[in-house]
Amino acid sequence: MDWDDLRIFLAVAREESLSRAGRRLGMDASTVGRRVARLETALGRVLFAKTPQGYAVTPEGAALVPHAEAAEVAAQAAAEAL
């Protein structure tokens with residue numbers, strides 16, 4: 001599993017939108033969508049449901065959130081240590 005994919009997953013989970021996540025990350029919404037699809041394929045799980053309001057985290061996605069957040073904290077700690 002790629003940390004960058006988890007970082008993108010967290011942005012979409014937090015923003016509930018590919019375009020808002022893309023703005024937060026400084027990347028195009030279509031790239032965000034491709035990366036989410038790549039992570040879903042790699043895990044064999046659907047992480048988001050598309051709704052009229054945006055992207056809602058599925059139960060499988062919700063199970064991944066705390067682990068992705070822990071990876072985020074570890075990555076930030078590593079960067080600060082350097």
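In the predicted model, the side chains of Arg-14 and Glu-69 meet in a salt bridge, with a nitrogen-to-oxygen distance of 3.8 Å, a salt bridge being defined as a side-chain nitrogen of Lys or Arg within 4 Å of a carboxyl oxygen of Asp or Glu. Because Arg-14 lies in helix α1 and Glu-69 in helix α4, this pair ties together parts that are 55 residues apart in sequence; helices (H or I, at least four residues) and strands (E, at least two) are DSSP runs, numbered from the N terminus. Residues are numbered from 1 along each chain as its sequence is written, and side-chain values use heavy atoms, with hydrogens and water left out. As this is a predicted model, local features need pLDDT of at least 70 and side-chain atom pairs count only at pLDDT 80 or more, whereas totals for chains, interfaces and linings use all residues.

Arg-14 also forms a salt bridge with Glu-72, for which the closest N and O atoms are 2.8 Å apart. This second pair likewise links distant parts of the chain, with Arg-14 in helix α1 and Glu-72 in helix α4, 58 residues apart. In terms of relative accessible area (buried, under 20%; exposed, over 50%; partly exposed, in between; 1.4 Å probe, protein chains only), Arg-14 is partly exposed at 38% and Glu-69 is partly exposed at 34%, while Glu-72 counts as buried at 18%. Helix α4, which spans residues 59-81, also holds Gln-76, a residue that counts as partly exposed at 44% relative accessibility. Gln-76 and Leu-64 are 12 residues apart in sequence, and their C-alpha atoms are 18 Å apart in space.

The structure holds nine salt bridges. One of them joins Arg-35 to Asp-4, with the closest N and O atoms 3.0 Å apart. Since Arg-35 lies in helix α3 (residues 29-43) and Asp-4 in helix α1 (residues 3-15), the pair ties together parts that are 31 residues apart in sequence. Arg-35 is buried, with a relative accessible area of 17%, whereas Asp-4 counts as partly exposed at 22%. In general, side chains of opposite charge can pair when their charged atoms come close.

In helix α2 (residues 18-25), the residues Leu-18, Ala-21, Gly-22 and Leu-25 are buried. Seen down the axis of α2, the buried residues fall within an arc of 100°, so they line one face of the helix; the arc is that of the directions from the helix axis to the C-beta atoms. The buried residues of α2 pack against α1, α3 and β2, contact being defined as heavy atoms within 4.5 Å. Just after α2, Gly-26 takes a positive phi of about 75°.

Strand β2 (residues 54-57) pairs with strand β1 (residues 48-51) in the antiparallel sense over four bridges, where two strands are taken to pair if DSSP finds at least two bridges between them. Within this pairing, Ala-49 has Ala-56 of β2 as its bridge partner, and β1 and β2 form a hairpin with two residues between them.
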